[in-house]
Amino acid sequence: MQLDIMVYLLKYIKKVGGNMQRGSFQWMKSLNKSIILNKIRSAGSISRAQIAKETQLTPPTVGTIVKELLEQDLIKESQLGISQGGRKPTMLVLNTSGFHIIGIDAGPSDVQFIVSDLSGKIVDQIKKTVNVGIEEDDFLQMLVTGVKHLISQNKSLKFIGIGVAMHGVVDATQGIAVFAPNLNLRNMDIKSELESTFDMDVKVENDAKALALGEAWFQNQTANTSMIAINVGRGIGAGLVIDGKLYSGEHGIAGEIGHMTIDIHGERCTCGNDGCLQTVASGPAIAEKMVKMIEQGNSTILSEYNNTDLTAEKVHHGAIEGDKLSIDILAEAGTYLGIALTNLIHVCNPSTIILGGGVSKAGKFILKPIRKTIQSRAISEQAQQTPVYVSKLGDYGSSLGAVALILSELFEPAID
Ligand SMILES: [Zn+2]
């Protein structure tokens, strides 16, 4: 174990040299295998002696590695700890503003770019609108332009990596957006494009999966947690975190719950099947339901809008205004989500379920029917009590999730 660390150190100290960005990421990640960095992160504040005690490394080894980490600006010395009888020890903490990460939430209608420090604090951001009918090369170029913009606005910062939360089917291993159905874009090699332009490590993942990882990383903090995050927007996707790890399945489609069949006699879905969850609980489904109800002569304050103007957001506003039909339509979407979530509980038995995406903003109207459905349908009393709540990361859920893609790689608890 100790020899390993020295080998890693020697190998990567050489690598750091002139190439700060990629070199330092590799250096940090390799050091990470020595678990010291992760020990400091998870403890919040810890002394050299305590690290030695908890990792069973010798104090000189800990001292050497800590010195390197201090020189790299990754950690810093903090206020004095509690004395165990002798001199008060100096505590070590993560230097959260020593390095920054760019997180990208690449949705079907707009793309959000953020700059975050190592603790998830957002220090800058920009948003770009996706043009209708955009093609693959232009979409990639848009990502490049956005990152360039943020880097030029933050010249004094040291960037360590770029995380991308992309909608649709993603090959996370290769970093390729395989299929983005809403834009009809295929096989975009996002990782290669960004890595070759910026010389930084790039991770690409499906947006719902990134949201789940972000929640586990920034909110839960418990390494072995099993939780599910659901992104309900134009489409519906779930990210499954099993024992602290994102679960992708054999071909990366684990969590595609938007296409879970809810009603075999239901409406035709974009995927070709009938009655998918997406046809009854997504943003467009909520808007379409309202259109249909207006056509059938039901009364609502939204009757002035026509088919093209009506959005789920307007239905949400209607509900806030007290419009009965808007409230009923959101409640029905909530009931369907509750059925889908009950199915998921029976498959994965998560400790928590978190809702993100545009539709989750109507949490006040959909959470109650979701919880009620789970309580009436789940198989055991404990399963019926599975907590369901709206993500506290708000509009930044997926972009912070993208940041977590890099952080989880960087701080991955080592020991292999
Ligand atoms: Zn479908």
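The model is predicted, so a few ground rules come with it: local features need pLDDT of at least 70, side-chain atom pairs count only at pLDDT 80 or more, and totals for chains, interfaces and linings use all residues. Residues are numbered from 1 along each chain as its sequence is written, and side-chain values use heavy atoms, with hydrogens and water left out.

Let us begin with the chain as a whole. The chain holds 15 helices and 16 strands; helices (H or I, at least four residues) and strands (E, at least two) are DSSP runs, numbered from the N terminus. Of the 416 residues in the chain, 51% are buried. Here buried means under 20% relative accessible area, exposed means over 50%, and partly exposed lies in between, with a 1.4 Å probe and protein chains only. Contacts, meaning heavy atoms within 4.5 Å, tell us about the fold too: among those with a separation of 6 or more, 61% are between residues 24 or more positions apart.

Now to the metal. Which residues coordinate the zinc ion? They are His259 through ND1, and Cys269, Cys271 and Cys276 through SG, at 2.0 to 2.3 Å. Donors are N, O and S atoms within 2.8 Å of the metal (3.2 Å for Na, K and Ca); water is not among the atoms, so sites may look incomplete. The four donor atoms make angles of 104 to 125°, which gives the zinc ion a tetrahedral site. Four donors count as tetrahedral if all angles lie between 85 and 135 degrees; four count as square planar and six as octahedral if opposite donors are over 155 degrees apart and all others between 65 and 115, and anything else is irregular. For reference, the ideal angle for four tetrahedral donors is 109.5 degrees.

Along the sequence, the zinc donors follow the spacing H-x9-C-x1-C-x4-C. Both His259 and Cys269 lie in the loop between strand 14 (245-247) and helix 9 (278-281), so this pair ties together parts that are 10 residues apart in sequence. His259 is partly exposed at 28% relative accessibility, while Cys269 is buried at 8%.

Next, take a look at strand 4. How many of the residues of strand 4 (residues 100-106) are buried? Seven of the seven are, so strand 4 is largely enclosed by the rest of the structure. In a regular strand the side chains alternate between the two faces of the sheet. In strand 4, His100, Ile102, Ile104 and Ala106 point one way and Ile101, Gly103 and Asp105 the other, and all are buried.

Strand 4 has partners as well, where two strands pair if DSSP finds at least two bridges between them. With strand 5 (residues 110-117), strand 4 runs antiparallel and is joined by seven bridges. Gly103 stands opposite Ile114 of strand 5, and a hairpin of three residues links strand 4 to strand 5. With strand 7 (residues 159-166), strand 4 pairs in the parallel sense, over seven bridges. There, Asp105 has Ala165 as its bridge partner.

Further along comes an open sheet of three strands in the order 8-9-10, with antiparallel pairing. Its edge strands, strand 8 (169-171) and strand 10 (185-188), each pair on one side only.

Finally, the structure holds 11 salt bridges, each a side-chain nitrogen of Lys or Arg within 4 Å of a carboxyl oxygen of Asp or Glu. One of them joins Lys292 and Glu267, at 2.7 Å from N to O. Lys292 lies in helix 10 (residues 283-295) and Glu267 in the loop between strand 14 and helix 9, so the pair ties together parts that are 25 residues apart in sequence. Lys292 is partly exposed at 38%, and Glu267 is partly exposed at 44%.

Another salt bridge links Glu332 to Lys289, with the closest N and O atoms 3.5 Å apart. Because Glu332 lies in helix 12 (residues 324-348) and Lys289 in helix 10, this pair ties together parts that are 43 residues apart in sequence.
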